[in-house]
Amino acid sequence: MEQRPMGVIGAMKIEVDAILSALEEAQEKVHGNMVFTSGRLSGVPVVVAQCSPGKVNAALCTQALIDFYAPRLVLNIGVAGGIGENVHIGDVVIATACVEYDFDTSALDQCSAGQMSVPGQEGLLDQFPCDEAAANILAAAGEGLYGHAHRGVVATGDKFVADPQVGEWLQKEFGALACEMEGGAIAHACLMNNVPCAVLRTISDNAHDSETVDFLTFAASSAQKAQQLLGEVLPRL
Ligand code: ADE
């Protein structure tokens with residue numbers, strides 16, 4: 001029987017282009033105005049979707065991906081802002097869990113930022129888990145290809161973070177290594193559907209680095225890195 005596909009979600013065209021151009025037997029379909037391209041990468045069936053930035057787009061895309069393609073794992077790829085002194089442009093970050101840091105009902109109840117109730121889960125959740133086995137495989141591949149791979153919390157929110165103080169808060173409050181705009185929503189939707197997920201990000205900008213950063217230049221080369229890593233790792237995921 002044909003293996004269930006690997007689902008791959010990226011927000012921006014620049015984040016999925018490298019993977020789409022490597023896809024064999026590509027076939028496009030549109031669901032909810034989002035383009036889903038099924039095909040093969042390194043012989044493995046995959047479905048690649050571009051969701052556009054932000055948590056709502058990402059959650060809707062994940063639900064459609066799960067409903068229409070029944071992926072065995074959903075992998076979120078893309079770029080992220082590096083947080084902390086040790087995370088540099090070009091570094092690979094693999095999420096152990098994601099937090100939706102801009103969900104905040106603390107003015108209303110006893111919850112702290114990022115804490116929420118989720119249908120089907122007991123109690124309040126602080127974080128959305130990522131699949132440990134997939135994270136281990138991705139990290140080993142990152143270390144093999146690039147000599148390093150950070151593993152830790154990825155902070156997701158509906159804003160591009162370009163303020164070192166926000167970065168510091170994300171580090172202090174959540175222990176985050178990177179910030180982006182989709183991973184937490186994808187992990188959230190996956191949890192609600194009992195589908196494992198992984199988040200693989202390469203750092204395109206970093207509030208702590210002193211050199212001037214051309215986001216788009218780094219975004220393109222970072223996305224290529226993700227594609228290379230994925231091509232190498234897919235048959236083992
Ligand atoms: N994606 C890439 N860099 C980012 C940043 N600094 N904030 C949010 N999302 C990002």
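On a 1 Å grid laid over the protein atoms alone, a pocket is an open set of points with protein on both sides within 12 Å along at least five of seven lines, and a molecule sits in a pocket if more than half of its atoms lie within 2 Å of its grid points. In this predicted model, local features need pLDDT of at least 70 and side-chain atom pairs count only at pLDDT 80 or more, while totals for chains, interfaces and linings use all residues. Residues are numbered from 1 along each chain as its sequence is written, and side-chain values use heavy atoms, with hydrogens and water left out.

The largest pocket is the space taken by the ligand. Strand 5 (73–82), strand 11 (176–180) and strand 12 (197–206) are the elements that give two or more residues to the shell around the ligand, strands being DSSP runs of E of at least two residues, numbered from the N terminus. Strand 5 gives the most, with three residues. The ligand's surroundings include V79, A80, G81, F160, M181 and F215, where a residue is near a molecule if one of its heavy atoms lies within 4 Å of it. By class, the shell holds seven nonpolar, two polar and three charged residues, with Gly counted as polar and Cys as nonpolar.

A polar side-chain atom of D205 is 2.6 Å from a nitrogen atom of the ligand, a backbone N or O atom of V161 lies 2.8 Å from a ligand nitrogen, and a polar backbone atom of G81 is 3.2 Å from a nitrogen atom of the ligand. Of the 260 Å² of accessible area that the ligand has on its own, the protein covers 95%, by the Shrake-Rupley method with a 1.4 Å probe.

Definitions and conventions. Polar contact = N/O pair within 3.5 Å; in protein donor to acceptor, adjacent residues only side chain to side chain. 1 Å grid on protein atoms, 1.4 Å probe; cavity = no way out; pocket = protein on both sides within 12 Å on 5 of 7 lines; lining within 4 Å. Helix = DSSP H or I, 4+ residues; strand = E, 2+ residues; numbered from the N terminus.
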